[in-house]
Amino acid sequence: MNLLTLFCKTNGNNISIMRYLLFVLIVTLPGFACHTTTSKIAIPEDEIIQDKQDRMRFDELMEKFSGEKDLPVGELMITIGRSLEGTPYVAHTLEKGIDEKLVVNLREMDCTTFVENCLALSRTIKSGEATYDHFLQELQQIRYRNGIRNEYPSRLHYLSEWLENNAGKSIISLPAREFGNIYPNHVNFMSTHPDSYQCLKAKPGFVPELAKLEKAISAKKYFYIPKEKIALIEDQLKEGDIVGITTNIEGLDVVHTGLLTRVNGRIHLLHASSKAKQVVISDVPLSDYMADKKIQTGIMIGRPG
């Protein structure tokens, strides 16, 4: 049953469903700029992949940090992120079958879900509504294009689009527009390597849709800081800034993401590390961390606010 058919079948008897469907129709129109208000409609249990330990971990974090709601979002993200040091790294945390459900995992994280969890937890606390349902709404708003979870292509798979779309929702800003270089962004890795993705192998019909999205992503203007200039602009970076480490690998925009934090006055990376197999703070400043990594070219920046 398509959306319009379902809308007609309500026949005026369920106003709340009609209003919801009108909302979905509006926000999916081309050019719609989604705002930061999260939906008040609870996400059904059967559309969530979670463990009871996730809810327990959420309650522990809220009890520990709800009193810090007056901190700026970035500082609150670092406070929460540091408390998650030692959390096991697990790759491909979001790849859980071919149906796109909301994955919640506060027990194990990859680099992307570490950032998303810190941001969603911080925004939940800042909202004054520190409930699990609100956290789920924040996570969905952050993770999906215009906050709408549909099929696999609706997820913000490329960090360049993740940053741009969340800036459009006023969840973050993009400070590198003011002091960065233009980034030659050209993404097509997913559509040209579909066998690397479980869902794309199972549903090859999504590949042309992703190719169209990749073309649209690549057509936009992005800014980054080349890695040789990072040390020179550290004074313009802030606690909790989200970074995507850009790459020269064909078809990809970034190869890693994390949060920026100061250690002895220098900018370091707080991240879920595949090498360390856990959430850690880099031993050396970010500029040194990237210096000898040939595939890493610089950083895109998202500033929570």
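# Exercises on cavities, cores and pockets

The lining of the largest cavity divides into 4 nonpolar, 1 polar and 6 charged residues. Here Ala, Val, Leu, Ile, Met, Phe, Trp, Tyr, Cys and Pro count as nonpolar, Asp, Glu, Lys and Arg as charged, and the others, Gly among them, as polar.

Residues are numbered from 1 along each chain as its sequence is written. This is a predicted model, in which local features need pLDDT of at least 70, side-chain atom pairs count only at pLDDT 80 or more, totals for chains, interfaces and linings use all residues, and side-chain values use heavy atoms, leaving out hydrogens and water.

**Exercise 1.** Find where pLDDT (the predictor's confidence in each residue, from 0 to 100) stays under 50.

*Solution.* Start with the whole protein chain: its mean pLDDT is 90, and 87% of its residues reach 70 or more. Then look at residues 1-35, where pLDDT stays under 50. For this stretch the model has 25 contacts (heavy atoms within 4.5 Å) beyond four places in sequence.

**Exercise 2.** List the residues around each of the 2 cavities of 30 Å³ or more.

*Solution.* On a 1 Å grid over the protein atoms alone, a cavity is a set of points where a 1.4 Å probe fits but cannot get out; a pocket is an open set with protein on both sides within 12 Å along at least five of seven lines; lining residues have an atom within 4 Å of a point.

- Step 1: the largest cavity holds about 40 Å³ of space, a volume being the space filled by probe spheres set on the points, which are joined across faces, edges and corners.
- Step 2: its lining consists of Ile49, Leu94, Glu95, Lys96, Gly97, Asp99, Glu100, Lys101, Val103, Tyr152 and Arg155.
- Step 3: the second largest cavity, also about 40 Å³, is lined by Thr93, Leu94, Val103, Val104, Asn105, Thr113, Asn117, Leu139 and Arg143.
- Step 4: by class, this second lining has 4 nonpolar, 4 polar and 1 charged residues.

**Exercise 3.** Describe the surroundings of glutamate 151.

*Solution.* Find glutamate 151 in the loop between H6 and helix H7 (159-168). Its relative accessible area of 32% makes it partly exposed, the class between buried (under 20%) and exposed (over 50%), using a 1.4 Å probe and protein chains only. Leaving aside residues up to four places away in sequence, glutamate 151 touches Glu100, Lys203 and Phe206. Phenylalanine 206 is 55 residues away along the chain, yet the two C-alpha atoms are separated by 9.0 Å.

**Exercise 4.** Work out which residues touch the most other members of the largest nonpolar core.

*Solution.* A nonpolar core is a set of buried Ala, Val, Leu, Ile, Met, Phe, Trp, Tyr and Cys residues joined through side-chain atoms within 4.5 Å. Among the 61 residues of the largest core, the answer is Phe114, Phe135, Trp162, Ile242 and Leu259. H5 gives the most to this core, with 7 residues. A second, separate core has 15 residues, including Ile225, Ile233, Leu269 and Ile301.

**Exercise 5.** Locate the centre of the second largest pocket.

*Solution.* This pocket has a volume of about 1,200 Å³. Of its 42 lining residues, Tyr89, Cys111, Thr112, Val255 and His256 are closest to the centre. Strand S7 (254-263) is one of the elements that give two or more residues to the lining, and its share of 4 is the largest. By class, the lining has 21 nonpolar, 13 polar and 8 charged residues.
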